[in-house]
Amino acid sequence: MTDQSNFHPSTKLLEEYALGTLSTGMSVAISAHVELCDDCKQHVSVAEQHAATAWAGSASTKSNGAPDYSDVIASIVSQVQDGSVAPQISVPEELHTPEHSVVLPRVLAKVAAEGLVWKKLAGGINQARVELDNETQCEFIYMKPGSKTPVHTHMGSEVTLVLDGSFSDEMGEYGPADFVLRDKKDHHQPCSDEGCLCFAVLDSPLTFTKGLARLFNPLIRYKFRRATSAGI
Amino acid sequence: MVDEVKKRTSRAGHEEARSDEALLIAVGNTQDRVAFEQLFSRFSSRIYALGMKLTRNEQLSHDLVQEAMLTVWKKAPLYDLDRGTAQSWIFTLTRNRCFDILRKQKRQPNCISADDIWPQDGEPAGSLVNEETATQEIEVSQIESFYNELPDAQKAVVEQIFIFDRTHEEAARVLDIPLGTLKSRLRLGVAKLKQHVGVDE
């Protein structure tokens with residue numbers, strides 16, 4: 001499943017993800033992509049290291065007013081430490097479409113664990129909303145084989161992460177683990193021949209513009225592609 | 001200029017100043033409170049600064065210092081050098097706590113937390129595992145020479161465990177040291193070897 005995807009979050013987005021400055025919805029979508037993409041995993045880990053190094057020099061000026069933390073320290077060290085490895089979600093959560101059962105990335109398994117309520121929309125599209133924050137609209141989308149969405153416009157930008165199957169629009173064809181970013185200028189009409197399960201995040205345009213500009217920067221796409229082919 | 005000199009001399013006076021990693025491992029292995037206090041004073045103003053940057057709120061930033069350092073204390077037993085430098089370990093953990101603090105403040109649904117979004121304690125990335133096996137052969141030959149450079153106390157422990165193949169309990173008895181001491185020396189020794197071999201890459 002790894003290293004298959006052709007569409008990735010921009011470097012800028014991955015860096016913001018590493019810093020923790022993105023919305024929850026956006027962070028979840030990137031987290032799910034990163035779990036499926038070794039390349040982006042590597043980028044994030046490097047970005048984290050850079051951020052940590054830059055962080056080291058960030059607070060040297062503030063040494064005078066350091067408050068007295070001795071009470072805090074005393075109360076912390078009186079607590080019991082975690083002896084063992086933190087429990088992980090042990091059973092991978094699966095989503096069943098009529099075509100397949102799909103193993104979800106861990107973070108999405110957690111999101112779906114509360115239960116999904118599917119709604120039928122026009123054109124063979126099914127949608128299950130999940131509420132992650134107050135800034136984005138997040139949903140699982142299942143497109144039946146042969147379905148075609150009505151041409152739609154959104155307020156902001158839209159991220160679509162393909163989890164199973166594929167869909168296509170005027171700009172390309174997208175398969176598992178692809179991270180597709182569209183903004184409202186892009187009039188697209190996604191359709192799917194074989195059926196498709198996605199996770200989608202509608203975000204405010206403000207958060208996105210920089211990332212978007214970078215995503216379509218051919219240099220960066222080239223870099224990603226080269227890194228992918230240089231990999232395994 | 002004078003400050004510069006002062007700083008340098010005081011640093012020279014603390015030749016034994018332990019690295020962040022050594023402190024963190026001591027906290028994890030032996031609940032070393034002195035080590036924790038040192039980590040606290042090294043990191044609290046940095047954590048506060050990151051909090052101010054991300055939340056722009058003094059109260060939340062103070063909360064962040066407490067929550068992040070509490071997490072450092074609690075999770076220290078899970079830290080080892082495979083997880084990178086102490087600094088990046090504490091950075092990612094601070095970022096996660098801050099993300100959760102902000103979510104709580106914005107009253108966002110709590111079906112998900114930062115530790116779900118950035119899994120810390122899961123298996124290492126697939127590519128890293130591959131790299132590890134690829135470099136294994138080089139390590140074995142190099143490790144011997146680095147082993148000889150270890151401080152005697154750590155060398156003795158590493159020898160008992162890895163060369164004589166003793167259990168921790170047996171080794172502690174042979175060397176006549178407490179089990180906790182043995183474990184922390186072992187971790188430090190192995191950590192040093194790993195560092196020399198460049199596992200920190």
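This is a predicted model: local features need pLDDT of at least 70, side-chain atom pairs count only at pLDDT 80 or more; totals for chains, interfaces and linings use all residues.
## Thr11 of chain A

Thr11(A) belongs to helix 1 of chain A, which covers residues 11-19. Because 18 other C-beta atoms lie within 10 Å, Thr11(A) is partly exposed; a buried residue would need 20 or more.

Thr11(A) and Cys198(A) are 187 residues apart along the chain, and a distance of 22 Å separates their C-alpha atoms.

## Strand 7 of chain A and its pairings

Strand 7 of chain A runs over residues 157-165 and is mostly covered, with 9 of its 9 residues buried.

Two antiparallel pairings involve this strand. With strand 12 of chain A (residues 196-203), strand 7 forms 8 bridges in the antiparallel sense; here Ser157(A) stands opposite Asp203(A). With strand 10 of chain A (residues 179-182), strand 7 pairs in the antiparallel sense over 4 bridges. Arg182(A) in strand 10 is the bridge partner of Glu158(A).

In a regular strand, side chains alternate between the two faces of the sheet.

## Contact between chains A and B

Chain A contributes 43 residues to the contact and chain B contributes 44. On the side of chain B that touches chain A, the elements giving two or more residues are helix 3 (33-55), helix 4 (58-75), helix 5 (86-105), helix 6 (114-117) and helix 7 (126-147) of chain B. Helix 3 of chain B supplies the largest share of that side, 11 residues.

By residue class, the side of chain B that touches chain A comprises 22 nonpolar, 12 polar and 10 charged residues.

Notes. Residues are numbered from 1 along each chain as its sequence is written. Chains are lettered from A and ligands numbered from 1 in the order in which they are written. A residue is buried if 20 or more other C-beta atoms lie within 10 Å of its own, exposed if 12 or fewer, and partly exposed in between; C-beta atoms are placed from the backbone. Two strands pair if DSSP finds at least two bridges between them. Two residues are in contact if their C-beta atoms, placed from the backbone, lie within 7 Å. Ala, Val, Leu, Ile, Met, Phe, Trp, Tyr, Cys and Pro count as nonpolar, Asp, Glu, Lys and Arg as charged, and the others, Gly among them, as polar.
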